[in-house]
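User: I am new to this structure and would like to go through it by questions and answers. Please take it one topic at a time.

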Amino acid sequence: MTQSNTLLPNLYTTMKRIRTFEERVGELFIKGETAGTMLHLSIGEELGPTCLGAAMQKQDTFTTHHRGHGIFIARGGDPKKMMAEIAGKKDGYCKGKGGSMHIADMKLGHLGANAIVGGGIPTVVGAGLSSKYLEEDKVSVAFFGDGAMQQGILYESMNMASLWKLPVVFCCINNQYGMGTKIDNAAGLKDFSKRAASFGLNTLHIDDLDIENAYVKSKEIIDKARKFEPGFIEVECYRFFGHARMDKSPYRSEEEEIKMRKSDPISYASNQMLKNKIMNEDEIKKINEKISIEMDEAMDFAINSPLNNQKEIFTDVYDESEPLPISVEERINKILS
Amino acid sequence: MEKKISLPRLGETMETGTITKWCIKVGEEFSRGQIIAEIESDKTTVELPALENGKLIKTLYQEGEEIEVGNDIAIFETI
């Protein structure tokens, strides 16, 4: 295969890995093996994380929102360690102490998932400033949902990124719903790019299923950010299922769900590969089977991973490389002596 | 091989649940991931997906009956 012929299969594989991972998380929950029940799956939303993940460079950093499994997979997260984290087990990325919504791994540039709406956004401004100051050539990308478009912290962050010309990209994964509230009932101006442009950011609005095109366009925005022109990307998609695993989305009609689930980035990519004769049905089936095995293994790994000793709750709380603060008694003795 | 499906715990405080809808009828085949039933707990309604491919042999509860967590709710045959 030529280079242009490997791009779509690679993007397809990442999207399919994300979806299969999320399906297995759903199974883990039904088996009673997850730590907690708040599992926010990104089924239907695979396009954005996949194309941005591929367009970013190895040294780049990012933060995610509460629905961040897919973003981490697209950036090289190990499904076994992720699944173990979701199960609250010892072998998880944060020894099972973070769970689904607080996975982090500095080695892969994952500065942390954040369950607070918009919570991960200001972090990338700090990361961007650090990268620029230390000349590290790192772009930092904040991933958040459409709910965060209505948070003040986003606009403070956009302003600072623009003012200090930081290598930062803000990426809104607009899945149309902030929990149970449709975007029409939450946003005065739905053309989010206009808001970002008013801060002087480069903008991109992705609203179709052509992932190759989305990849090329996102890469342009990220490359410009590397040259200290911060950017904003909105990826429109549809959250195929409820807000979390426990939500059957009674606030929207079944007709809407059936219609919108047809906008499936994975079947679209698969059809494109068949149409352009990049891969045949057997080859796609083989990829899907391999991914299925990979994610089954991740699920088994999580189930078989041991639980932590209860004493673990006291570790990783403070940075032990830092000197301990002076005690009050010591301070008073110093003054009195 | 015959296998059983039991009522999962869908939240920390859930002790019983109700099947509001059987989405697969007895005799029908289903594939992994397909929704078998809708289950209502004290707080919410959740879709129960199949964990493997199978054919539904028997349902052990009617829609609307209160069921304790962990009780078997259906029998299926693996395919």
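User: How many bridges join strand E4 of chain B to E5(B)?

Analyst: This is a predicted model, and in it strand E4 of chain B covers residues 35–40. E4 and E5(B) run antiparallel, and B:Ile35 has B:Pro49 of E5(B) as its bridge partner. The number of bridges that join E4 to E5(B) is five.

User: Which strands stand at the edges of the open sheet in chain B?

Analyst: The open sheet has four strands with antiparallel pairing, in the order E5-E4-E2-E7, and its twist averages 40 degrees from one strand to the next. Two of these strands have a single partner strand each, so one side of each is left without a neighbour in the sheet. The strands at the edges are E5 and E7 (66–68) of chain B.

User: Which element of chain B has the lowest mean pLDDT?

Analyst: Chain B as a whole has a mean pLDDT of 93, with 100% of its residues at 70 or more. Among its elements, strand E3 (residues 29–30) has the highest mean, 97. The lowest mean, 89, belongs to strand E5 (residues 45–49) of chain B.

User: How many residues of chain B are in contact with chain A?

Analyst: For the complex, the predictor gives an ipTM of 0.89 and a pTM of 0.93. On the side of chain A there are nine residues in contact with chain B, and by class these are two nonpolar, three polar and four charged. On the side of chain B, the number of residues in contact is 13.

User: Is A:Asp316 buried or exposed?

Analyst: A:Asp316 is found in the loop between helix H11 (281–304) and helix H12 (328–336) of chain A, and has a positive phi of about 60 degrees although it is not a glycine. Because A:Asp316 has 12 other C-beta atoms within 10 Å, A:Asp316 is exposed.

Notes: Residues are numbered from 1 along each chain as its sequence is written. Chains are lettered from A and ligands numbered from 1 in the order in which they are written. This is a predicted model: local features need pLDDT of at least 70, side-chain atom pairs count only at pLDDT 80 or more; totals for chains, interfaces and linings use all residues. Two residues are in contact if their C-beta atoms, placed from the backbone, lie within 7 Å. Ala, Val, Leu, Ile, Met, Phe, Trp, Tyr, Cys and Pro count as nonpolar, Asp, Glu, Lys and Arg as charged, and the others, Gly among them, as polar. pLDDT is the predictor's confidence in each residue, from 0 to 100. Helices (H or I, at least four residues) and strands (E, at least two) are DSSP runs, numbered from the N terminus. Two strands pair if DSSP finds at least two bridges between them. Axes are lines fitted to C-alpha atoms, for helices over the stretch in contact, and angles run from 0 to 180 degrees between N-to-C directions. A residue is buried if 20 or more other C-beta atoms lie within 10 Å of its own, exposed if 12 or fewer, and partly exposed in between; C-beta atoms are placed from the backbone.
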